[in-house]
Amino acid sequence: MPRVVDSTICNNLVYDRAVLVVAWSRVRSNRGARSAGVDKVAPRAITSATESLLPTLRDELKAQSFRPLPVRERYIPKANGKSRRLGIATARDRTVQAALKLILEPIWEADFHPYSYGFRPNRRAQDAVAEIFNFTSNEYEWVLEADIEACFDEISHPALMDRVRRRVGDKRVLALVKAFLKAGILSEDGVARVTATGTPQGGILSPLLANIALSVLDDYFAEAWAGFSKHPWSRQKHRQKGLPTYRIVRYADDFVVLVAGTRLHAEQLLVEVAAVLSPMGLRLSEEKTGICHIDEGFEFLGWRIQRQVKRGSEKTRFVYTWPSKKALASIKARVREITRQGTNHPLAHLLGQLNIVLRGWTNYFRHGVSAATFGYLHQFTWRRVICWLRSKYRRANWKELRRRHLPGWWPTDGEVTLFDTEKVAITRYRFRGAAIPSPWEPGRQGVRR
């Protein structure tokens with residue numbers, strides 16, 4: 001069991017001047033700095049934090065008199081028609097949360113397992129997809145795809161604090177973490193509510209706390225993986241006896257369990273996963289949890305992952321990854337939304353908005369079999385912009401439109417040109433495994449299948 005960090009170290013660092021300055025800089029530069037908490041003061045509105053806010057926070061933390069305020073509740077719509085609840089903390093509370101994260105994250109990163117990718121430094125969704133590709137290409141054909149129901153809302157506070165205590169012995173730091181968990185919520189209708197479970201989604205500290213809670217699942221599969229031996233030939237021998245080997249790949253509360261065995265083995269694992277999560281107060285979503293074969297395919301983090309017969313071959317099969325229909329529908333909806341905002345702005349303004357969205361979306365999906373999707377998006381975006389131009393310049397004929405805004409039939413306004421998704425280079429993402437560098441623990445060895 002990892003040793004508990006000395007109690008005096010953590011507390012002294014939380015109210016250290018340099019730590020608070022770095023914490024405030026992260027809060028101030030975050031996109032959420034435009035949103036205010038229950039005190040109605042947004043971080044961007046605070047111009048002299050080093051002279052007023054930070055010294056006051058330091059004194060309160062040092063005197064152990066700091067008390068967090070309730071978070072402001074806001075609901076944002078989800079793609080499936082439901083709503084996601086966000087908790088917006090005050091600027092002072094966000095600063096203390098950022099300071100706690102600066103102290104606690106390196107401690108827990110030393111314990112987190114390499115197949116956990118969500119909300120961790122130097123790790124991204126492409127790493128999770130690359131690991132799935134690596135294992136499903138090598139005998140791991142059954143997939144248990146799962147999602148945790150309202151993960152951030154239902155985490156058990158006692159169970160979470162028990163896990164935090166395993167590595168942090170400072171009672172003052174533990175009291176701060178617990179205070180944020182129990183801070184309460186001010187709902188949209190102005191009613192204050194206590195928080196008996198969960199950690200507010202949208203808080204700076206919440207992703208780390210969620211990973212700590214879900215590490216119970218990682219630990220369970222790490223122990224099982226170690227029981228299969230460290231050598232691939234030993235696991236192969238294990239499978240030849242009709243016994244399964246399996247591997248989890250997790251991104252926050254979305255995860256898949258890849259099984260080299262039968263469907264029955266995957267069904268047994270589903271029961272085991274539910275039992276592991278139960279002490280943390282968590283349960284699997286019946287709607288988003290299921291078992292499938294890699295030939296049937298499944299969706300994960302916006303990707304469609306499926307094994308198919310190679311084009312031009314009758315028997316050779318490969319695992320392919322490409323943007324899912326849901327992901328394509330989301331970017332099309334975003335393009336429609338931008339091109340329906342009206343025609344009062346110049347074309348350059350429209351192209352600037354579209355370019356940001358298109359560049360980010362294609363950069364995420366450029367590591368898959370995405371050429372056909374990018375070509376379709378190229379045509380779709382072009383048609384939307386042309387319709388916008390025709391609506392803005394109703395009296396202009398095609399000759400005038402081409403001369404002013406369509407050189408080479410491609411939308412352009414001055415130095416601003418529509419981002420061409422069809423020209424994005426497609427490259428295979430390299431599987432990095434456990435060799436992903438860490439800011440605090442560089443250079444681990446990769447994991448073999």
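**Salt bridges and a helix pair**

At a relative accessibility of 34%, glutamate 267 counts as partly exposed, a class lying between buried (under 20% relative accessible area) and exposed (over 50%), with a 1.4 Å probe and protein chains only. This is a predicted model, in which local features need pLDDT of at least 70 and side-chain atom pairs count only at pLDDT 80 or more, while totals for chains, interfaces and linings use all residues. Residues are numbered from 1 along each chain as its sequence is written, and side-chain values use heavy atoms, leaving out hydrogens and water.

**Salt bridges within helices**

- The structure holds 21 salt bridges, each being a side-chain nitrogen of Lys or Arg within 4 Å of a carboxyl oxygen of Asp or Glu.
- Glutamate 267 is the salt-bridge partner of arginine 263, with 3.3 Å between the closest N and O atoms; both residues belong to helix α11, where they stand 4 residues apart, about one turn of the helix.
- Arginine 263 is itself partly exposed, having a relative accessible area of 35%.
- Aspartate 162 and arginine 165 form another salt bridge, whose closest N and O atoms are 2.9 Å apart, and because the two lie 3 residues apart in helix α7 (residues 157-165), about one helical turn separates them.
- Arginine 165 is partly exposed at 40% relative accessibility, as is aspartate 162 with a relative accessible area of 47%.

- Aspartate 295 and arginine 307 form a salt bridge in which the closest N and O atoms are 2.7 Å apart.
- This pair links distant parts of the chain, 12 residues apart, with aspartate 295 in the loop between β8 (290-293) and β9 (298-300) and arginine 307 in strand β10 (residues 303-309).
- Aspartate 295 is partly exposed, with a relative accessible area of 29%, whereas arginine 307, at 12% relative accessibility, counts as buried.

**Packing of α9 on α11**

- Helix α9 (residues 206-227) packs with helix α11 (residues 263-277) at an angle of about 135 degrees, and their axes are 9 Å apart.
- The two helices are therefore oblique to each other, the class left over once angles under 35 degrees (roughly parallel), over 145 (roughly antiparallel) and 65 to 115 (roughly perpendicular) are set aside.
- In contact (heavy atoms within 4.5 Å) are Leu214, Val216, Leu217, Tyr220 and Phe221 of α9 with Leu269, Glu272, Val273, Val276 and Leu277 of α11.
- The residues of this contact of α9 with α11 comprise 9 nonpolar, no polar and 1 charged.

Note on methods:
Axes fitted to C-alpha atoms, helices over the stretch in contact; angles between N-to-C directions. Nonpolar A, V, L, I, M, F, W, Y, C, P; charged D, E, K, R; others polar.
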